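Please have the viewer open as you read.

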Amino acid sequence: MALVLDGNRTRDEILAELGPRVAALAAAGRPPGLAVVLVGHNPASEIYVRNKIKASAALGIHSETLTPPESASTEDVLRVVEELNRRPEIDGILVQLPLPAQVDAKRVLLAISPDKDADGLHPANAGRLMANLPGPRACTPAGILELLKRYRLPIAGKRAVVVGRSDIVGKPMAMLLLHENATVTMCHSKTPDLAGVCREADILVAAIGRAAMVDRHFIKPGATVIDVGMNRLERAEDVARVFRNSPEKLAVFEKRGSVLVGDVDPAAMAECAGAYTPVPGGVGPLTIAMLMANTVAAAERRSALC
Ligand code: NAP
């Protein structure tokens, strides 16, 4: 039986450990402050932001959402970020992606003060990760590393394969695994014999954005499989194919008209992997936990400087 890596449980552990640190900061003057910039109306982004604000409130972190309109220009968003950079009670700034097409996302992310970069995506912090210096790490890969460590899954000396090379997940994931002394291979859409490369992995991380693409031919028996993907299936034939053996998921689809699936075929993962993250309930909850961790750490660093 494969070990199911429970992201909800690990999130709760991480948040419980952050609680006393938040309380200590509050007792010393003020709680950590997180500002989320949500430009326009993207229904998925609105849900993500609501969850981030809810998690902050539950932990006692001061949070606020700034909502420039859909028509906002790059300059408008830059002004919002610059004001947040100046405000002393804000420790973490997060600009929710994607931004409307007319806004230059790279300029906006560069404008965030690296000290307040709650998402760990500023090039200065990507550089700190590369150099293995302390600093905020990209939340999703940092959460995955935390999960592997808390489950005491060995990393040093293992073959790790990361599929996907985004700045948000794939690249920082590979770097974090490298710093833990894994032998890391990065794959992408131009990688020949992708299944063959993945089959060499003791630790396989799929961050692709293609529903259930990674099937049993990609998984070495007993490997640890981390499924980052979050894809919504909306066609009955896709749901029937992917969840053929799962009456519960078929029932979810009947009720809601869609069902969530990762980048890894769930049946293949359960049958072939030694340990794996389910979707939902695997990687997703960790991302918010690490956002909270980055915000608390930023507040501690900044309060030490005052
Ligand atoms: P992204 O920026 O779209 O990057 C996708 C990567 O996958 C790219 O590097 C791309 O290669 C590669 N790829 C695409 N098709 C491929 C194929 N057929 N074979 C091999 N590689 C392929 O995506 P992302 O932001 O990293 O997100 C990836 C997935 O994770 C999405 O489903 C996203 O929703 C999910 N996600 C989840 C969380 C969470 O908290 N659970 C957080 C972030 C993202 P090229 O570079 O060659 O194009």
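## The largest cavity

Lining the largest cavity are Ile-93, Leu-94, Val-95, Leu-109, Ile-112, Asp-117, Asp-119, Leu-121 and His-122. A cavity here is a set of points, on a 1 Å grid over the protein atoms alone, where a 1.4 Å probe fits but cannot get out, and a lining residue has an atom within 4 Å of a point. Strand E4 (residues 92–95) gives the most to this lining, with three residues. By class, the lining has six nonpolar, one polar and two charged residues; Ala, Val, Leu, Ile, Met, Phe, Trp, Tyr, Cys and Pro count as nonpolar, Asp, Glu, Lys and Arg as charged, and the others, Gly among them, as polar.

The space inside is about 50 Å³, where a volume is the space filled by probe spheres set on the points, and grid points are joined across faces, edges and corners. The structure holds one cavity of 30 Å³ or more.

A note on the source: this is a predicted model, in which local features need pLDDT of at least 70 and side-chain atom pairs count only at pLDDT 80 or more, while totals for chains, interfaces and linings use all residues. Residues are numbered from 1 along each chain as its sequence is written, and side-chain values use heavy atoms, with hydrogens and water left out.

## Two pockets

A pocket is an open set of grid points with protein on both sides within 12 Å along at least five of seven lines. The largest pocket holds about 1,400 Å³ of space. Its lining counts 46 residues, of which Tyr-48, Thr-140, Met-230, Gly-284 and Thr-287 lie nearest the centre. Helix H2 (43–59) is among the elements that give two or more residues to it, and H2 supplies the largest share, eight residues. The lining divides into 26 nonpolar, 14 polar and six charged residues. Helices (H or I, at least four residues) and strands (E, at least two) are DSSP runs, numbered from the N terminus.

The second largest pocket has a volume of about 480 Å³. Of its 20 lining residues, Leu-121, Pro-123, Ala-126, Asp-167 and Lys-171 lie nearest the centre. Helix H4 (105–111), helix H5 (123–130) and H7 each supply at least two residues.

## Two parallel sheets

An open sheet of three strands runs in the order E3-E2-E4, with parallel pairing; two strands pair if DSSP finds at least two bridges between them. Strand E2 (residues 33–37) and E3 are joined by five bridges, and Val-37 stands opposite Leu-66 in E3. H2 packs on this sheet, touching E2, E3 and E4, and its direction makes about 160° with that of E3. Contact means heavy atoms within 4.5 Å; axes are lines fitted to C-alpha atoms, for helices over the stretch in contact, and angles run from 0 to 180 degrees between N-to-C directions.

The other open sheet has six strands in the order E1-E11-E8-E7-E5-E6, also paired in parallel. Strand E1 (3–4) and strand E6 (183–187) stand at the edges with a single partner strand each, so one side of each has no neighbour in the sheet. Helix H7 (170–179) lies across strand E5 (159–163), E6 and strand E7 (203–206), at about 170° to E6.

## Salt bridges

How many salt bridges does the structure hold? There are 21, each a side-chain nitrogen of Lys or Arg within 4 Å of a carboxyl oxygen of Asp or Glu. In one of them, the side chains of Arg-87 and Glu-64 meet at 2.8 Å, N to O. Arg-87 lies in the loop between helix H3 (74–86) and E4, and Glu-64 in strand E3 (residues 62–66), so the pair ties together parts that are 23 residues apart in sequence.
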